Amino acid sequence: MKQVVQNYKSGELSVLDVPVPGCKPGGVLVRSAFSLISTGTELMKVSEAGMSMLGKARSRPDQVAKVMQSVATNGLPATYRKVMGKLDSYTPLGYSLCGVVEQVGAGVDDVKAGDLVACAGNEHALHAELNWVPKNLYVPVPDGLAPRHAAFGTVGSIALQGVRQGEPQLGEVALVIGLGLIGQLVVQLLTASGVRVVGADPDPARCELAERLGAVACGDPSSAAVAGAVAELTGGHGVDQVYLAAGGGSNQPVELAAALARDRGRVVDIGKCRLDLPWNAYYEKELDVRFSRSYGPGRYDPEYELEGRDYPIGYVRWTERRNLACFLDLVSRGRVDVEPLISHIADFGDAVETYRRLKDGDLKAVAVLFRYPEPEVEGAAGAPVVAVPAVRVETRAPGRPSNTPVRLAFVGAGNYATSMLLPHLAGRDGVALSTVVTTTALSAANAQRKFGFARATTDLDGVLGDPSVDAVFVVTRHSSHADLTRRALLAGKAVFVEKPLALTEDELAGVLAAVTESGNDRLQVGFNRRFSPLLREARARFGARSGPASLRYLVNAGRLQHGSWYLRQGTEGSRFAGEGGHFIDTASWLLEADPVSVFAVAAPGNDDLQVVLRYPDGSTATISYVTTGASGFPKETLDLVADGKVLKLDDFVRASVYGPQRWVSSRLPKARDKGQSNELAAFVRAVRTGGPMPVPLESLVATTAATLAVRTGLSGGAPVALERAR
C-alpha cells in the first residue's frame with residue numbers, strides 16, 4: 001500500500017510503498033476514502049522539517065532537554081545514534097479520515113466489514129491507503145453523511161472540545177481569534193449553541209467565510225472593527241469567552257483577548273500560539289485561562305486509546321469517541337456545514353505536490369482533502385497477520401557452510417531495535433538482513449531503508465515458513481515475546497528475543513514445551529551486560545574467589561514519561577518484570593551461579609524495589625531498583641565484594657578493582673558499551689557454526705524464573721524458593 005511520509009532530518013516528503021498493517025485485536029483495518037490535511041498542525045510540522053538543525057532545536061526546546069538528559073544517562077555516542085536515527089526516519093502525517101472497514105479485529109463487535117467509519121489519531125488515522133484503528137478512535141458514520149464530510153471528524157472534535165471548555169451559554173458573546181480550519185468550526189459550533197460570535201483574522205477571505213457561516217462580524221485583529229463590534233454587542237463590557245485558534249509566534253492573540261474580554265471572562269487556548277500572558281491585564285480582570293486538550297478526555301491515555309477502556313459516562317460525559325460521534329451527528333443534521341470549508345480535493349497520488357503548493361502559498365486553503373482510489377484500482381489488501389498453527393519443520397543440522405551468510409529476520413523495529421541492535425548487524429560480514437516484520441507499515445519501511453533489509457512485510461507466518469531464514473529476532477512489546485519465541489522455535493529457527501523471555505510462569509512453560517516438542521534449543525535472550533568489554537575485563541582482574549560474595553547493584557531507573565507503554569502493567573507486566581532480568585543475569589554471571597531464592601520488598605506509592613537473591617554458596621546479590629533518584633546520577637552502579645577484594649563498576653564508563661593489586665580502567669571519557677555488539681557477534685557465530693549458544697538455556701530459564709519470583713515475593717512478603725525441576 002502507499003502512505004505519505006516525511007523525513008524529519010531532510011524535510012523530504014514522499015508517497016512510499018509500505019506493508020499493509022496487521023489487524024490487531026481491539027481495532028479495525030480501515031481502507032481510506034478521504035483524509036483531511038490539517039493546514040495548521042501538519043504544515044507547521046512540514047515547515048519545521050525544512051529547518052536547519054539549529055532551527056529544529058529552537059522550535060522544540062522540550063526535545064532538546066530530553067536529549068541532554070539522555071546524554072547524561074546514556075552517553076554522547078549512544079544518544080547521538082538514537083537522535084540521528086529518529087531524525088533520519090520516515091514519520092507519518094495525518095490524523096483525520098473517513099474510510100471503509102476492511103477487516104475487524106478480535107474483541108470488536110460494533111462495526112463489521114464494509115461499514116463506513118470516521119477515524120482519529122496521529123498514529124492511526126494517517127494519510128495512508130490502509131490504517132489499523134483502535135476501538136476508541138473510530139465511530140460509525142451516520143446514514144446519509146458524505147465520506148468527504150465525515151473526514152472532518154477529528155478536527156471537528158478538537159473544535160468541539162474547545163467550545164466545551166469555554167462553557168458557552170445562550171445569549172453570550174464570544175470572540176474567536178484565528179479563522180483557519182479550527183476557528184471556522186468553532187464559529188459554527190458557538191452559533192449552533194446560541195452564542196453571538198465576533199471573529200478576528202488578518203485574512204479578509206477567511207473573515208468573509210466566517211460571516212457567511214454565522215459570525216456577526218469579523219475583521220483584522222489590529223483594526224478598530226473588531227473592538228467596535230465587541231463594544232456594540234456587549235454594551236462595552238467585553239466578550240464572555242475568547243477562543244484562541246491562531247498559531248504562530250506572535251503574542252497579539254493573548255493581548256487582544258485580555259483587551260476584549262469582560263471582567264472574569266474565559267480564555268480558551270485551542271491552537272498553538274505564543275502565550276506570554278500580560279500579567280496586569282489578566283490579573284485585573286481575573287481572567288479564567290483554560291486549555292483544550294485536543295479531541296477530549298482520553299487523549300494521551302494509552303489505556304483509553306490503545307486498549308479500548310472507556311470512561312463511564314456518568315463520570316466523563318464527553319470523551320474523545322463521544323465527541324467524534326457528536327460532531328458527525330451535528331454535521332449530518334445540518335447544524336454544522338463543512339462543505340464551504342473545502343478549498344481543494346487532491347488525488348492521493350498528488351500528495352507531495354499538494355503539500356508543496358500549500359507550503360509555498362500557491363494553494364490558499366482552509367481545508368484540503370485527499371481522495372483515495374477505489375480498491376478495484378489498487379487491488380485487494382494484503383493478508384494480515386493472524387494466529388495460525390506454526391508450520392512444523394525438522395530441526396536442521398546446526399552446522400552451515402562457512403561462505404553462506406546468516407540470514408536474519410526481525411520481528412519488530414522499534415527504538416531499541418533500530419538504535420541498539422541493527423546498527424551492529426547492518427554491514428557485518430557474514431550477515432544478511434533478510435526480512436523485517438511489523439504490524440505498522442512505516443516502521444518496517446524505515447528499517448528496510450536504513451538497514452538494507454531485503455524485504456518488509458506484516459506476514460509473520462510467511463517468514464517463519466521461509467527455509468532461507470536462519471534466525472529470528474523478537475524485538476516487540478513484552479506481552480508478545482513468549483508466544484513469538486515459541487512459534488519461531490517450533491518453526492526451527494534460532495531465536496534472539498529481547499528481554500523479557502516471558503511475563504508469567506505459564507508463558508515460560510510454553511516456551512520450554514516448544515523446545516521439547518521441536519528439539520530446537522537455539523535460544524538467546526538479550527541479556528547483554530555480561531558481554532560488556534569493561535565488565536568482562538573487570539571480572540578477569542578480580543579473579544577467582546574462594547568464599548561467598550556480596551554484590552550490590554543500584555539501578556537508578558528514573559521515572560517514565562506519561563503515556564509510555566511500560567506503564568501498561570495489565571498487558572505488558574511491571575517495569576521490573578520487563579527489565580529486571582538484565583540485572584539478575586549480570587549478578588548471576590558475576591557470581592557464576594543461578595539463584596536459589598528471591599526476597600523482594602517494595603516502597604509504597606512508587607516502583608522502587610529491593611530484591612535480594614541468594615546463591616548456592618551463600619553469596620547474596622541485592623538489587624536496588626529505584627525510580628525516585630536524581631536524574632543526574634548514573635543509571636547503574638555495582639559493587640562486588642569477596643576475599644578481601646572489591647570490584648566497582650560505574651555506569652559502564654569506568655571500572656576498578658581493589659585488592660592486592662589495584663586496577664582502574666581508563667579515566668578518559670568513553671562511550672557506554674553495554675555489550676550489545678559482542679552479544680550479537682556471539683549469537684551470529686553460534687548460528688553460523690552450530691556451536692553452543694552464548695548463554696546456556698538453563699541460565700536463561702533460571703534468570704527468567706527469578707525475575708517472575710519477584711512478583712510472587714511482593715505479594716507474599718516472604719522469600720521465594722527457586723526449586724530446580726529434575
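User: How many cavities of 30 Å³ or more does the rule find in this structure?

Analyst: The count comes to two cavities of 30 Å³ or more, where a cavity is a set of points, on a 1 Å grid over the protein atoms alone, at which a 1.4 Å probe fits but cannot get out, while a pocket is an open set with protein on both sides within 12 Å along at least five of seven lines, and lining residues have an atom within 4 Å of a point. Grid points are joined across faces, edges and corners, and a volume is the space filled by probe spheres set on the points. This is a predicted model, in which local features need pLDDT of at least 70 and side-chain atom pairs count only at pLDDT 80 or more, whereas totals for chains, interfaces and linings use all residues. Residues are numbered from 1 along each chain as its sequence is written, and side-chain values use heavy atoms, with hydrogens and water left out.

User: What lines the largest cavity, and which elements give two or more residues to the lining?

Analyst: The largest cavity holds about 50 Å³ of space, and its lining consists of Pro-500, Leu-501, Ala-502, Phe-527, Ala-577, Gly-581, Thr-703, Thr-704 and Thr-707. Helix H23 (575-591) and helix H25 are the elements that give two or more residues to this lining, with H25 giving the most, three residues; helices (H or I, at least four residues) and strands (E, at least two) are DSSP runs numbered from the N terminus.

User: How many residues of each class are in the lining of the largest cavity?

Analyst: The lining of the largest cavity has five nonpolar, four polar and no charged residues, given that Ala, Val, Leu, Ile, Met, Phe, Trp, Tyr, Cys and Pro count as nonpolar, Asp, Glu, Lys and Arg as charged, and the others, Gly among them, as polar.

User: What makes the peptide bond from Lys-499 to Pro-500 cis, and where is Pro-500 found?

Analyst: The bond from Lys-499 to Pro-500 has omega near 0 degrees and is cis, and Pro-500 is found in the loop between strand E21 (494-497) and helix H20. Most peptide bonds are trans.

User: What is the volume of the second largest pocket, and which residues are closest to its centre?

Analyst: The second largest pocket has a volume of about 460 Å³. It is lined by 18 residues, of which Leu-508, Leu-512, Val-701, Ala-702 and Ala-705 are the closest to its centre. Helix H20 (505-518) and helix H25 (697-716) are the elements that give two or more residues to this lining, and H25 gives the most, with eight residues. By class, the lining of this pocket has 13 nonpolar, one polar and four charged residues.

User: Is Cys-23 called buried or exposed, and why?

Analyst: Buried means under 20% relative accessible area, exposed means over 50%, and partly exposed lies in between (1.4 Å probe, protein chains only). Cys-23 has 10% relative accessibility, so it counts as buried, and Cys-326, at 18%, therefore counts as buried as well.

User: How many disulfides does the rule find?

Analyst: The count comes to zero disulfides, a disulfide being a pair of cysteine sulfur atoms within 2.5 Å.

User: Why is Arg-407 called partly exposed, and what does it touch?

Analyst: Arg-407 has 29% relative accessibility, which is why it counts as partly exposed. Arg-407 is in strand E17 (residues 406-411), and, not counting residues up to four places away in sequence, Arg-407 touches Ala-432, Ser-434, Ser-468, Val-469, Asp-470 and Ala-471, with contact meaning heavy atoms within 4.5 Å.

User: Which residues have the most contacts inside the largest nonpolar core?

Analyst: The largest nonpolar core has 54 residues, and those with the most contacts inside it are Phe-152, Leu-181, Leu-185, Val-186, Leu-190, Phe-327 and Leu-341. Such a core is a set of buried Ala, Val, Leu, Ile, Met, Phe, Trp, Tyr and Cys residues joined through side-chain atoms within 4.5 Å. Leaving aside neighbours within four places in sequence, the contacts of Phe-152 include Leu-36, Ser-96, Leu-181 and Phe-327.
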